[in-house]
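Please keep the sequence and the structure in view while reading.

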Amino acid sequence: MDIFRLDQGTAPLLISLPHDGSHIPEDIAVRMHPAARRSPDTDWHVTRLYAPLAQTLGASLLRPLASRYVVDLNRPADGHALYPGRRETGLVPTTGFDGEPLYREGEPDADEVQRRVNDYWRPYHAALQQEIARLRAMHGRVVLWEGHSIRSHVPMLFEGRLPDLNLGTADGASCSPSLQHRLEDVLRAQDRFDFVVNGRFRGGYITRKYGRPDEGVDAVQLEMTQHNYMDEESFAWDEGKAAGLRAAIEPLLRACLA
């Protein structure tokens, strides 16, 4: 069973796209509402955005095949909340970002949740750990870049419109101060996209878990709003918009290699 795809590079940069997958196995999909089967909360097309940059920069690229509705790879395996006191979806979501239930019947019980963790979550994280170790052994240091995207308006999660670019470093704990400063300088140098650093999205489980700058691993999350490269209603890719966004991402990734 293919769980993920890993393209190995040689640069000290690993791009992880844990919400890129949209596949829902039939035994799960048959119990879901028709709208949920489309996996609308996918980070649509992020591989299409990042793959050319990874190839140019020699970065490794890791992404899953299954939807976050199967299991959310950016949540801790024990299911504890990332943002206590705020609404969020869990390790194995039962509601979508619109607050609507995903399942018509047969919500996953504890045994099924554990099976999904074993079948999908653990293999992805094992690959993540192994690739970080490989690149760190080659270079001494490595940057883990967490690429995400989301609709610009998600009332369940935040008020109003989300900024175009949302950089998260776990409030500075997941990467070195020098890297964060370089990334902030890059964001300030452009005027096409608005941005925030450590705002609503400060970095999910992967950023917080693996970011250990004192041990040679810097981790950074970038959450992007989807209207800057696609149509948020139809999920259709927009190459004209995407080219502009990719041009803004590239100097951020190059700053990770400086």
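This is a predicted model: local features need pLDDT of at least 70, side-chain atom pairs count only at pLDDT 80 or more; totals for chains, interfaces and linings use all residues.

## Strand β7 and its neighbours

Gly147 stands opposite Leu222, a residue of β7. That position belongs to the pairing between strand β4, residues 142-150, and β7, which is parallel and extends over nine bridges. Strand β5, residues 165-168, is joined to β7 by four bridges, and here the two strands run antiparallel.

How many of the nine residues of strand β7 are buried? Nine of the nine, residues 217-225, are buried, so the strand is largely enclosed by the rest of the structure. Val217, Ala219, Gln221, Glu223 and Thr225 point one way from β7, while Asp218, Val220, Leu222 and Met224 point the other way, and the residues of both sets are all buried.

## Cavities

The structure contains three cavities of 30 Å³ or more, and the largest cavity holds about 200 Å³ of space. Its lining is made of 20 residues, of which His19, Arg68, Arg75, Phe201 and Glu223 are the closest to the centre. Two elements, β4 and β7, each give two or more residues to this lining, and β4 gives the most, with three residues. By class, the lining of the largest cavity divides into six nonpolar, eight polar and six charged residues. Glu223, one of the residues closest to the centre of the largest cavity, is also among the buried residues of β7.

The second largest cavity has a volume of about 50 Å³. The residues that line the second largest cavity are Ile3, Pro64, Ala66, Ser67, Val70, Val71, Leu73 and Tyr120, and they divide into seven nonpolar, one polar and no charged.

## The largest pocket

What is the volume of the largest pocket? The value computed for the largest pocket is about 190 Å³. The lining of this pocket consists of His33, Ala35, Ala36, Pro40, Asp41, Tyr69, Gly96, Asp98, Glu100, Pro101, Leu102 and Arg151. Sorted by class, the lining of the largest pocket has six nonpolar, two polar and four charged residues.

Two of the lining residues, Asp41 and Arg151, are also partners in a salt bridge, in which the closest N and O atoms are 3.3 Å apart. Arg151 is in the loop between β4 and β5, whereas Asp41 is in the loop between α2 (34-37) and α3 (46-57), so the pair ties together parts that are 110 residues apart in sequence. Arg151 and Asp41 are both buried.

## Other salt bridges

Across the whole structure, a search finds 15 salt bridges. One of them links Asp72 with Arg75, where the closest N and O atoms are 3.6 Å apart, and both Asp72 and Arg75 are buried. Another joins Arg161 to Asp194, with the closest N and O atoms 2.5 Å apart. Because Arg161 lies in the loop between β4 and β5 and Asp194 in the loop between α5 (177-189) and β6 (195-197), this pair ties together parts that are 33 residues apart in sequence.

Are Arg161 and Asp194 buried, exposed or partly exposed? Arg161 has a relative accessible area of 40% and is partly exposed, and Asp194, at 31% relative accessibility, also counts as partly exposed. Elsewhere, salt bridges that share partners join Asp43, Arg68, Asp72 and Arg75 into one network.

## Cysteines

How many disulfides does the structure hold? The count is zero. For Cys175, the closest cysteine sulfur is that of Cys256, at 8.4 Å, which is too far for a bond; a disulfide would need the two sulfur atoms to be within 2.5 Å. Cys256, in turn, is in no disulfide, and its nearest cysteine sulfur is that of Cys175.

Both residues of this pair are shielded in the sense of the burial cut-off, which is under 20% relative accessible area. Cys175 counts as buried because its relative accessibility is 1%, and Cys256 counts as buried at 7%.

Notes:
Residues are numbered from 1 along each chain as its sequence is written. Side-chain values use heavy atoms; hydrogens and water are left out. On a 1 Å grid over the protein atoms alone, a cavity is a set of points where a 1.4 Å probe fits but cannot get out, and a pocket is an open set with protein on both sides within 12 Å along at least five of seven lines; lining residues have an atom within 4 Å of a point. Grid points are joined across faces, edges and corners, and a volume is the space filled by probe spheres set on the points. Ala, Val, Leu, Ile, Met, Phe, Trp, Tyr, Cys and Pro count as nonpolar, Asp, Glu, Lys and Arg as charged, and the others, Gly among them, as polar. Buried means under 20% relative accessible area, exposed over 50%, partly exposed in between (1.4 Å probe, protein chains only). Two strands pair if DSSP finds at least two bridges between them. A salt bridge is a side-chain nitrogen of Lys or Arg within 4 Å of a carboxyl oxygen of Asp or Glu.
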